[in-house]
Amino acid sequence: MSYPINGTNQEKYDYVYQKAKELGDRFPEITASQFALETAYGKKTAGKNNVFNQTAKGDTLKNIDDSIKARVNKWSSKYKDAPDAVSALAIIQPSYAPNKDKNQGYISNVMKIAKRHGKYEGSTKLPNADVSPTFYSTG
C-alpha cells in the first residue's frame, strides 16, 4: 500500500492507523491522531518522510512507513498496561510532547481527532482530570 500523500485527510489518517495497527500498536488511534495534529495530515513535516516531526539521532527515514514504524517502536511499548487510549497517551505525553498545553489540552486534542475519524468512542479527558498525566508515568 502506498502512502496517499495527495489523498483526503481521512485516507491519510486511515493509512497511518492501519500501518500502526499492523505493526502491533495497541492504540493506533493515538499514532494516527498525533500524525494528523502535529503535521496537519502530512502537510507540515520537519523533513522528508517524517510524519511525526520527531527528531532522533541516527534514524534515517527512507519512506513514510519507516516513520510510522519508528514512532510505533519508540512509543507504543511505553503504554504498559494502560486500560484505554486516553490513559496510554497520558503515560507517554510527558516525554513525547512535554510542552504541549500542559497535558490535558494536548491529550484532549489528540483524542478528539480520533473521535472525528471514528476510531475512538470514549471520553477525551483523563479519568480524573485533577490528576496530572505524570501520575500515570512510571518513570
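Guide: Of the 139 residues of the protein chain, 45% count as buried. The model is predicted.

Visitor: What share of the contacts joins residues at least 24 apart?

Guide: Taking contacts between residues at least 6 apart in sequence, 49% join residues at least 24 apart.

Visitor: Now the inside. Which residues of the largest nonpolar core touch the most other members?

Guide: That core has 32 residues, and the ones touching the most other members are Tyr13, Phe27, Ile30, Ile68, Leu89 and Met111.

Visitor: Which elements give two or more residues to this core?

Guide: H1, H2, H3, H4 and helix H5 (104-116) do. H4 gives the most, with eight residues.

Visitor: What is Leu89 in contact with, leaving aside its neighbours within four places in sequence?

Guide: Leu89 is in contact with Ile30, Gln34, Tyr106, Ile107, Val110 and Met111. Of these, Ile30 and Met111 were also named as core residues that touch the most other members.

Visitor: What caps the N-terminal end of H4?

Guide: Asp84 does, with a side-chain oxygen 3.2 Å from the backbone nitrogen of Val86.

Visitor: Where do Phe27 and Tyr79 sit in the chain?

Guide: Phe27 is in the loop between helix H1 (9-22) and helix H2 (28-39), while Tyr79 is in the loop between helix H3 (64-75) and helix H4 (85-96). They are 52 residues apart, and the pair links distant parts of the chain. Both Phe27 and Tyr79 are buried.

Visitor: What about Phe35 and Tyr41, why is that pair called edge-to-face?

Guide: Their planes are at 85°, so that pair is edge-to-face, with the ring centres 6.2 Å apart. Phe35 and Tyr41 are buried too.

Visitor: What else lies 2.7 Å from the backbone oxygen of Phe35?

Guide: A polar atom of the side chain of Thr39. Thr39 lies in helix H2 and is buried, with a relative accessible area of 0%.

Visitor: Then Ala40. What is its phi?

Guide: Ala40 has a positive phi of about 50°, although it is not a glycine. Most residues other than glycine have a negative phi. Ala40 lies in the loop between H2 and H3.

Visitor: What is the relative accessible area of Ala40?

Guide: It is 28%, so Ala40 is partly exposed.

Visitor: Last one. Which ring does the charged end of Lys78 sit over?

Guide: The ring of Trp75, at 5.9 Å from its centre. Elsewhere, Lys119 lies over the face of Tyr17, with 4.3 Å to the ring centre.

Key
Residues are numbered from 1 along each chain as its sequence is written. This is a predicted model: local features need pLDDT of at least 70, side-chain atom pairs count only at pLDDT 80 or more; totals for chains, interfaces and linings use all residues. Side-chain values use heavy atoms; hydrogens and water are left out. Helices (H or I, at least four residues) and strands (E, at least two) are DSSP runs, numbered from the N terminus. Buried means under 20% relative accessible area, exposed over 50%, partly exposed in between (1.4 Å probe, protein chains only). Rings of Phe, Tyr and Trp (its six-membered ring) pair if their centres lie within 6.5 Å; planes under 30 degrees apart count as stacked, over 60 as edge-to-face and the rest as tilted. A charge sits over a ring if NZ of Lys or CZ of Arg is within 6 Å of the ring centre and within 35 degrees of the ring normal. Contact means heavy atoms within 4.5 Å. A polar contact is a pair of N or O atoms within 3.5 Å; within protein, one must be able to donate a hydrogen and the other to accept it, and residues adjacent in sequence count only if both atoms are side-chain atoms. A nonpolar core is a set of buried Ala, Val, Leu, Ile, Met, Phe, Trp, Tyr and Cys residues joined through side-chain atoms within 4.5 Å.
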